[in-house]
Amino acid sequence: MRLTFLLGEVGNGIRRNASMIVSVILVSMVSLFFLGAGLLAQREVSTAKGFWYDKVQVSIFFCTPQSTQAESCADGAATQAQKDQVKSQLDGMKPLVQHVYYESAQQAYDRFKKQFRHSPYMSDISADSMPSSYRVKLSDPDKYNEVVASFDGQPGVEAVSDQSNVLGTFFKLLKVISVGAVALAVVMVICAILLITTTIRQVAYTRRRQVSIMRLVGASSTVIYLPFVLEILLATLVGAGLAVGLLWALVHYGVEGLFNSSGSTNGELVSMIGTADVWDFAPWLFAGAIVIALATAWFTLRRYLRV
């Protein structure tokens with residue numbers, strides 16, 4: 001088949017069925033956009049875990065004179081001997097315990113004043129009411145339960161707090177968003193396949209006279225099928241390109257613009273995905289578009305366009 005003839009057939013087909021081709025482009029764009037968004041969300045979950053889990057600490061708070069509810073504080077404020085006992089146990093838990101930082105009641109009070117300096121209740125808080133604590137950095141944050149179980153309820157210890165409990169909710173939310181985006185993408189891909197199938201059937205019906213003539217002159221099935229396949233493939237690739245463009249704009253102007261701005265000191269406060277991640281997934285989105293277009297088009301033609 002001559003290339004000029006093939007390209008002419010593709011161009012004529014696109015002009016005659018412009019509305020259907022535009023529909024394929026739009027559905028492909030939306031489905032691949034949500035698929036890419038789901039993949040980016042899953043990468044953000046991994047990125048955020050790597051960023052925050054490295055900073056997860058277990059805090060062991062000691063009893064104060066005002067601690068009355070915890071049974072471990074029945075004897076009042078924690079003694080120096082009890083604090084030394086906790087420190088000795090932490091030293092014995094290496095290499096799981098990587099670093100131990102002691103924060104006195106005065107240091108905790110100063111930090112509290114800095115964080116909540118605009119609170120109207122600041123005058124009701126004194127340094128004596130703030131608990132001293134050990135801030136424990138773990139080599140493997142997933143094993144925080146071992147530290148919590150070792151010190152929870154120990155005499156002189158009012159509470160053992162683990163930051164991963166708070167972060168766990170955040171990670172679950174990100175996971176739900178990513179799974180939801182992928183699930184919606186699957187639905188949209190199914191819609192794209194159904195629309196491509198319908199489009200090919202409609203186009204084949206409008207060209208039934210042309211197909212009959214090509215049969216009579218002895219054209220092979222490949223020669224007859226190829227213009228149909230190329231039209232759908234071109235439309236799907238355009239949709240994939242638009243999807244990648246939308247993802248890039250979303251990440252560049254949304255994620256990077258809002259979170260990685262100067263206000264976050266180049267990601268020191270939070271680690272987010274960037275446009276480089278979009279380009280990492282772009283080849284896979286184009287590959288997915290090609291597979292969907294070729295497989296759907298060829299199967300539909302084999303079924304509905306008898307040669």
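Helices here are DSSP runs of H or I with at least four residues, strands are runs of E with at least two, and both are numbered from the N terminus. By that rule, I190 sits in helix α6, residues 164-206.

What you see above is a predicted model, where local features need pLDDT of at least 70, side-chain atom pairs count only at pLDDT 80 or more, and totals for chains, interfaces and linings use all residues. Residues are numbered from 1 along each chain as its sequence is written, and side-chain values use heavy atoms, with hydrogens and water left out.

Now the sheet. It is open and has four strands in the order β2-β3-β1-β4, with antiparallel pairing; two strands pair if DSSP finds at least two bridges between them. From one strand to the next, the twist averages 20 degrees.

Take β2 and β3 (residues 133-138): they run antiparallel and are joined by six bridges. V100 has V136 in β3 as its bridge partner.

Next, the helices on the sheet. Helix α3 (residues 80-91) packs on it, touching β1 (57-62), β2, β3 and β4, where contact means heavy atoms within 4.5 Å. The direction of α3 makes about 5 degrees with that of β3; axes are lines fitted to C-alpha atoms, for helices over the stretch in contact, and angles run from 0 to 180 degrees between N-to-C directions. Helix α5 (residues 144-151) also packs on the sheet, touching β1, β3 and β4, and its direction makes about 170 degrees with that of β4.
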